Amino acid sequence: MKVVPPGFQPAGRAPAPPPLDLVQDFVNTEIAVWAVDDIATPELLAEWLQERGLVASDVTVDASTFVRARALRDVLRELAKRNTRGVQPDDELRAEFTSLAHETSLRFGLDERGEVRLEPADDGVNGAFAQILSRVFEAQASGAWKRLKSCPGPHCGWLFYDASRNASSTWCSMSICGNRTKTAAYRERKKAGR
C-alpha cells in the first residue's frame, strides 16, 4: 500500500523539470522518515519501471538487479546531498557510481529537434537504469543538475528541485525539516545553558 501519492511534493515545492523529474521520482521512492519504500521488492520495482514506461509489461526483476537499483538510488541521493552542501564526489562515491553504471549501456541518438541525445542500448531493466543516468547527464549538461538537492533533515533525504533565484535552498520544506532541525538545535543550546 502506498502511503505517499506518486509525484508528492512538500508544500511550496514544484517537481523537478524534465529531464530531472524521473531522477527525482526514482530517488523519492524511499522516504525513510515515513518508513515508505515504493520499490521495496523486486516485483514493486518492476511495477514502478513499467508504470513509467521504462520497461515492457512482461519484464521481471531478479534479486541482483533489485540490489543494484537500490544502490543506484542511494548513490543518486548522495550525489544530490553533495549538491546541497556544494561538495564534490570523493573517490569512493565515484567508484561506486562507475560500478553501478557499468552494466548499463547508452548510445547516441538524434531527437526530433535534431539534438543529440543519449539513449539506452537495450529495453530491459539495464536500459531503464541507462535512461535514469542519461537524465542526470542531460541535466549536468544544461546546468540544472546542481539544483537537484537532497534534504539534510535527519531521516529525510527527500530530493527537491531548488528553484530559488540563487540556488540557496537547503530543506525540502522549511516548515517541516528546517523547523525541526532549528528547533532541535535551539533545545540543545538551551539545555547546554547557552
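Trainee: Why is Cys151 called buried?

Mentor: In this predicted model, Cys151 has a relative accessible area of 1%, and since buried means under 20%, Cys151 counts as buried.

Trainee: What makes Cys156 count as buried?

Mentor: The relative accessibility of Cys156 is 11%, which is again to be set against the limit of under 20% for a buried residue, so Cys156 counts as buried.

Trainee: How many disulfides does a search of the whole structure find?

Mentor: The search finds 0 disulfides, where a disulfide would require a pair of cysteine sulfur atoms within 2.5 Å.

Trainee: Why does Ser134 count as buried, and in which helix does Ser134 lie?

Mentor: Ser134 belongs to helix α5, and its relative accessibility is 4%, so with a cut-off of under 20% Ser134 counts as buried.

Trainee: Why is the pair of Phe26 and Trp48 called tilted?

Mentor: The structure holds 1 aromatic pair, and in this pair the ring centres of Phe26 and Trp48 are 5.5 Å apart, with the planes at 55°. Centres must lie within 6.5 Å for rings to pair, while planes under 30 degrees apart would be stacked and planes over 60 edge-to-face, so the rings of Phe26 and Trp48 form a tilted pair.

Trainee: Which parts does that pair tie together?

Mentor: Phe26 lies in helix α1, residues 20-27, and Trp48 lies in helix α2, residues 42-51, so the pair ties together parts that are 22 residues apart in sequence. Both Phe26 and Trp48 are buried.

Trainee: How do you know that the span of α3 is close to the one expected?

Mentor: With 23 residues, α3 reaches 33 Å from its first C-alpha to its last, and this is close to the 33 Å expected at 1.5 Å a residue. The residue that follows α3 is Gly86, with a positive phi near 70°.

Trainee: What lines the largest pocket, and what is its volume?

Mentor: The volume of the largest pocket is about 380 Å³, and its lining consists of 21 residues, with Leu79, Phe97, Val136, Gln140 and Trp145 nearest the centre. Two or more lining residues come from each of α3 (63-85), α4 (91-101) and α5 (125-142), and α5 gives the largest share, 6 residues.

Trainee: How do the residues of that lining divide?

Mentor: The lining of the largest pocket divides into 13 nonpolar, 5 polar and 3 charged residues.

How values were computed
Residues are numbered from 1 along each chain as its sequence is written. This is a predicted model: local features need pLDDT of at least 70, side-chain atom pairs count only at pLDDT 80 or more; totals for chains, interfaces and linings use all residues. Side-chain values use heavy atoms; hydrogens and water are left out. On a 1 Å grid over the protein atoms alone, a cavity is a set of points where a 1.4 Å probe fits but cannot get out, and a pocket is an open set with protein on both sides within 12 Å along at least five of seven lines; lining residues have an atom within 4 Å of a point. Grid points are joined across faces, edges and corners, and a volume is the space filled by probe spheres set on the points. Helices (H or I, at least four residues) and strands (E, at least two) are DSSP runs, numbered from the N terminus. Ala, Val, Leu, Ile, Met, Phe, Trp, Tyr, Cys and Pro count as nonpolar, Asp, Glu, Lys and Arg as charged, and the others, Gly among them, as polar. Rings of Phe, Tyr and Trp (its six-membered ring) pair if their centres lie within 6.5 Å; planes under 30 degrees apart count as stacked, over 60 as edge-to-face and the rest as tilted. Buried means under 20% relative accessible area, exposed over 50%, partly exposed in between (1.4 Å probe, protein chains only). The expected span of a helix is 1.5 Å times one less than its number of residues.
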